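Please open the structure in your viewer and keep the selection tool at hand. This tour moves from one stop to the next, saying what to select and what is found there.

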Amino acid sequence: MAGAKENVSLLFKLYCLTVMTLVAATYTIALRYTRTSDKELYFSTTAVCITEVIKLLLSVGILAKETGSLGRFKTSLRENVLGSPKELMKLSVPSVVYAVQNNMAFLALSNLDAAVYQVTYQLKIPCTALCTVLMLNRTLSKVQWISVFMLCGGVILVQWKPAQATKVMVEQNPFLGFGAIAIAVLCSGFAVLASVGGLYTSVVVKYTDNIMKGFSAAAAIVLSTIASVLLFGLQITLTFALGTLLVCISIYFYGLPRQDTTSIQQGETASKGRASGV
């Protein structure tokens, strides 16, 4: 039975990994495609609003299924939502930040290729790391610090000579796109401290580890690059390829579990104690 549970757990993790990768890549490509169409553009604020309404309806549906009855459903809403105004006020802060972040994503993908966006947006990792160090007094391992600087170097290479999309005919402003990503990255780093964005992401965070999430991010970058070449005629440069490789490697190393040095330190202490006793 234990072996069966492990197999199910592994399959579920692989399922989460696959879906998370496809969602990240498909979202970016679809958004880029709709923002570079020669037809009349839709308002990004409308799209963001509709997305949040859909998530609200899904959340209400999940809550209704978990409570099991209309009475318990009303009680749960009254106690946890209507009866907790302070908690609602606290949650409103990351909510506003996420709204700004999502609108910046639309602006960025209107001016940058999907692959360039995917790579550059990984700056959210060092931004979040700095927020946790400065605000939560957490520490990073040497490998994580090296990964952060490696990731920044990779993004610099990607932005040094950005890859051009030959099939996109609309006017673009790369500086505006990078500025939008910068704002989105800052919002992401701040908002992660308060809540986890997205319903599906919460499931992934619970059932997968950092290595799998890092692999998913790298796989999404690769898929976005392939799709950009096929759909938008992206011309991959040497600096883009090297920068993307650095970013993918840094994501992997950043997600590696930190080595537990407690037992090593205890062993060294015991050895010193025996040596002093002798």
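Begin by selecting helices α6 and α7, where α6 passes α7 in a left-handed crossing, a crossing being left-handed if the near helix is turned anticlockwise from the far one by less than a right angle, and right-handed if clockwise. The model is a predicted one, in which local features need pLDDT of at least 70 and side-chain atom pairs count only at pLDDT 80 or more, while totals for chains, interfaces and linings use all residues. Residues are numbered from 1 along each chain as its sequence is written, and side-chain values use heavy atoms, with hydrogens and water left out.

Two packed helices are described by the angle between their axes and the distance between the axes. For α6 (residues 124-136) and α7 (residues 142-160), the axes come within 9 Å and cross at roughly 140°; axes are lines fitted to C-alpha atoms, for helices over the stretch in contact, with angles from 0 to 180 degrees between N-to-C directions. The two helices are therefore oblique to each other, since angles under 35 degrees count as roughly parallel, over 145 as roughly antiparallel, 65 to 115 as roughly perpendicular and the rest as oblique.

Now show the whole chain, which has 12 helices and 2 strands, these being DSSP runs (helices H or I, at least four residues; strands E, at least two) numbered from the N terminus. Of its 278 residues, 35% count as buried, where buried means under 20% relative accessible area, exposed over 50%, and partly exposed in between (1.4 Å probe, protein chains only).

Next, select Glu52 and Lys55, which both lie in helix α2 (residues 44-67), 3 residues apart, about one turn of the helix. Side chains of opposite charge can pair when their charged atoms come close. Glu52 forms a salt bridge with Lys55, with the closest N and O atoms 3.3 Å apart (a salt bridge is a side-chain nitrogen of Lys or Arg within 4 Å of a carboxyl oxygen of Asp or Glu). Glu52 is partly exposed at a relative accessible area of 34%, and Lys55 is partly exposed at 27%.

Then select Leu256, in the loop between α11 (238-254) and α12 (262-277). How far apart are the C-alpha atoms of Leu256 and Gln144? They are separated by 8.4 Å, although the two residues are 112 residues apart along the chain.

Finally, select Leu231 in helix α10, which is partly exposed, with a relative accessible area of 45%.
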